[in-house]
Amino acid sequence: MTFFAPFTIPFIIGTIFLFAAVATKFVLWLVRLPRVDKRLIRHNLFTWHTLAAVWEVVRESLLHVRIFKVNPVLGFMHASLAFGWFLLIVVGWIETVAYLGAQWVPLQGHVFFKYFMPINGITHHEPLFEQLMDALLLVVLTGVALAWMKRLRSRFMGMRRTTKHILFDRVALSALWFIFPARLIAESLTAALYGGEGFLTGSLGHALAETVPHDLLVMFYEPSWWVYSSLLGIFFVAMPFSRYMHILAEIPLIFLRHWKLHPTAERKSYDRFEVEACSRCGICIDPCQLQSELGINDVQSVYFLRDRRYNMLNLKVANNCLMCGRCEAKCPVGINLNTLRLNSRAKRRNIPYEGRYKYLRGLDRSSGEGRVGYFAGCMTSLTPATQHSMEQIFKAVGEDVWFADRDGGVCCGRPLMLTGETDAARKMVAYNTDLFRRHNITTLVTSCPICLRVFREHYRLDGIEVLHHSEYIDRLITEGRLSVAADARRYTYHDPCELGRGCGIYDAPRRVIAAVGEVVEPKHSRRDALCCGSSLANTVIDDSQQLRLGERMTAELEATGCDTIVTSCPLCMKAINRAARCSVEDISEVVAKNILRS
Amino acid sequence: MRNINFGYGISRPRAIDIDNNDLRKSNAIIAEMPELQACIGCGSCTASCTAGNLTEFNFRRLHTAVRRGEYKGAYEDINKCMLCGKCRLVCPRGINTRALIMLIKRKLGDF
């Protein structure tokens, strides 16, 4: 049996190129992984983690379950293209086996089986497979139609905006759009000339045979297969350099993630898997407040990852991000967008200066004695009411407290990390860790979510429990150590980014407020909460832009008709205070005002 | 009176001849962040400064000197800053002080 025709050459070249390019990429990235990561892979390779990864590959790379959850229409589009195409390949494989039995058939023989059937003299039909293949083709074509619609008007697909693409993407995208229509035409022409029973290609073929003159059909027959094969070839060649690399990059990424690899403050080749697993679907664009409120259109995660991938990232794009994590929460691939952005900043800014922070040596301005340490944080010193309320609460429960920074402390280091100066931040981490250890505290309470996050993620504080003050107060109330009077006020709680999406603390503050009054939820809350705009992570937007973000977000909080807006971050508090008409209080103030004295 | 800490002090009087100073870096800084010219020199940044509370670091003095082309010791001094960002919150002119600090470091330092 022959399985070669000149028109298959573009397809064969494309396929060989694709496999070579992708294999080179994966091997290089894996070889360049740091030793720790390689050890992790060896350690976890033959465990149930691998099985879990296989299951996730099916769910995410083929079915796209997470996109379904964010946007069902978009989910259907991705699933019909990915899973539909996958099944076309698999069922196509089985189809050839059904016709020819178990014999070796080269790749192009499977892909262009309909073409090779007549030349090999196969005239009988397997109706089950022909119908099945047509049904699958229809599913994929629906996905393509939806993709066209998305390009024309993204609102049809429930998206305000879709991604702007670069040239390579446009080439690959155009090829992908026309692959399946071309396949439909080629198979229909074949059916018109040689017969076919599929409900789609077969019927279309019969209609063509009746309406179009026979010699015209013969004239277009070979070219139609050339077009189909060329489009496949073009797509495969463009694929490793375009967004469609995500189809292949996501698979090893899922495995590596299950083997416990993750991006760090330093760049490493693992990041390449994450960067190239971005499909540029553009789901991250809509949640970005820089886009929706300020009309900044070129800094969102999708563009950041694109710029980083093609080495055209500039500082302004890397720095123009609030790191609120709203996009990360929505990303269907689960890319660690904030970490990647941070290590991009670090690469550009992290030049340690030896003499830096010498003044920290021997410094200790702390006061008080106690097993519980209170680290107010730099920002909290600008909201003295918070600090004062915490002191009242400590006094009411009779807690002995060691105050780490009442008379001026040292920054936690997170602001430096956010600007990419990770090495400089390490000096602060070392200083504060040493300070906490020296005073033998067992619990560390902080009023600043920014500090909280760095204490939990970057400090080694084994034996010291780190709590946000909302968690601490919640514990005091549930343990019965602190009793509060209920009042008749309605409170809206604003979730600070670093506390909510950053540390996953949503319920403790709500329980505390519920003990005092009624909690009313704003439109966006919890994982979906808006950013106040004052984030330390963004050093590009100016004051008026920060104010605009704060105003929009505060307006949404006030729309609940609350009496008081409550938050638990000094930075958010400052931002809301600038824009709010109603009263704004820190969670500790709400509690301190309502302490019942026994 | 002498022992009361107001958070600021009085600088010794001195004469500065701007004509003799090399203003190229200073001009480059102002060109990149024109909002610095809105500074009224109130010193809120210095009064709220975390590093200024622990050392002699004085951000108002520093950026005023840099604008005048007096760069000596400025890079070493600005590295005392911990970038905590309080100065940005208190600035009555809404100057993006953290970006300014990073800019001065970039222009004066070796990177």
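Strands β3 and β4 (residues 465–468) of chain A pair in the parallel sense over 4 bridges, where strands count as paired if DSSP finds at least two bridges between them. Strands (E, at least two residues) and helices (H or I, at least four) are DSSP runs numbered from the N terminus. The model is predicted: local features need pLDDT of at least 70 and side-chain atom pairs pLDDT 80 or more, while totals for chains, interfaces and linings use all residues. Residues are numbered from 1 along each chain as its sequence is written, and chains are lettered from A and ligands numbered from 1 in the order in which they are written.

Together with helix α22 (residues 449–458) of chain A, β3(A) and β4(A) form a right-handed β-α-β unit; right-handed means that, with the strands pointing away from the viewer, the path from the first strand over the helix to the second runs clockwise.

The domain assignment, which is automatic or taken from a database, divides chain A into domain 1 (6–247), domain 2 (282–349), domain 3 (358–475) and domain 4 (484–593). The C-alpha centres of domains 2 and 3 of chain A are 30 Å apart. Between these domains, 6 residues of domain 2 are in contact with 6 residues of domain 3, contact being C-beta atoms, placed from the backbone, within 7 Å.

A residue is buried if 20 or more other C-beta atoms lie within 10 Å of its own. Leaving aside residues up to four places away in sequence, A:Val591 touches A:Ile393, A:Ile473, A:Val484, A:Val512 and A:Val516. Among the buried residues of helix α24 (residues 507–516) of chain A are A:Val512 and A:Val516. The elements covering the buried residues of α24(A) include α23 (469–478) and α27 (587–593) of chain A.

Between the chains, 22 residues of chain B are in contact with 20 residues of chain A. Helices α3 (50–54), α6 (86–90) and α7 (97–108) of chain B each supply at least two residues of the side that touches chain A.

Terms used:
Contact = placed C-beta atoms within 7 Å. Buried ≥ 20, exposed ≤ 12 C-beta atoms within 10 Å, placed from the backbone.
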